[in-house]
Amino acid sequence: AKANDIGFEFSVGGYSTYIWRGFRLSEEELQIQPSATVSFGGFSANVWAEYDSDTEEWLEVDYTAAYAHDFDGLSLELGYIHYDINDGLDSDEIYLSAGFDTVLNPSVTVYYDINEGEGAFIVAGISHPVELGESSSLEFGASASMIVDNGYVATDANGEEFTGLFNADLTASASIALCDYASIDPMVGYTVAISDDASDAIKMSNSDGDDAFFYGGVALTLSF
């Protein structure tokens, strides 16, 4: 194989809190999130971690393997994720994502838990990129999700699995090139529960009983 068929990407980000599928999984203290990806052709492998500066602990390490392919305006990705949780249950998901190269770049991703949850989590989204010259760009995104009897992600106020709408996200991100292989990537976001069951689940998971959060951060990314 040619050397330029192999890609490497490393990033480390600092964020105001740790948000996952509408949940705030940390206090509002600095969260450090390093990530490393190696890719070859359509195959990729990634390791991502979450460090909480408040508790001074690694909360989570996720391992992802995926294969992606483009079909004339349609991009598909099939992958597997292992969630290694420091103080909680580990689990595993398979996912299939489809993206369309058209107005607002619509996409849909279906995650299915094959371990603890034995249910699905579905995310549909749109995005709009804005080029800011040769060295920087903006992207605005919006998404909404649905849970399907996935007890690993959430249960209702009675501790039962449920099916219904879950959360919505709004994001704005930028990429500012420092050189050919390095960039600074700031972002801000807002997430909110969009059903009563989701609101109950999210409120029960954090100390202040909220179901909507603003968050943000910035990452340094190196790509080779």
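Two rings of Phe, Tyr or Trp (its six-membered ring) make an aromatic pair if their centres lie within 6.5 Å; planes under 30 degrees apart count as stacked, over 60 as edge-to-face, and the rest as tilted. By that rule, the structure holds 12 aromatic pairs. This is a predicted model, in which local features need pLDDT of at least 70 and side-chain atom pairs count only at pLDDT 80 or more, while totals for chains, interfaces and linings use all residues. Residues are numbered from 1 along each chain as its sequence is written, and side-chain values use heavy atoms, with hydrogens and water left out.

**Tyr83 and Tyr152**
- These two rings form a tilted pair, 6.4 Å centre to centre with 40 degrees between the planes.
- The pair links distant parts of the chain, 69 residues apart: Tyr83 is in strand β7 (residues 74-85), and Tyr152 is in the loop between β11 (136-148) and β12 (163-177). Strands here are DSSP runs of E, at least two residues, numbered from the N terminus.
- Both Tyr83 and Tyr152 are buried (under 20% relative accessible area, with exposed over 50% and partly exposed in between; 1.4 Å probe, protein chains only).

**Tyr190 and Phe214**
- Here the ring centres are 4.5 Å apart and the planes of Tyr190 and Phe214 meet at 40 degrees, so this pair is tilted.
- Tyr190 in strand β13 (residues 182-193) and Phe214 in strand β14 (residues 212-223) are 24 residues apart.
- Tyr190 is partly exposed at 26% relative accessible area, whereas Phe214 is exposed at 65%.

**A cluster**
- Phe23, Phe121, Phe162 and Phe166 come together in one aromatic cluster.

How values were computed
Helices (H or I, at least four residues) and strands (E, at least two) are DSSP runs, numbered from the N terminus.
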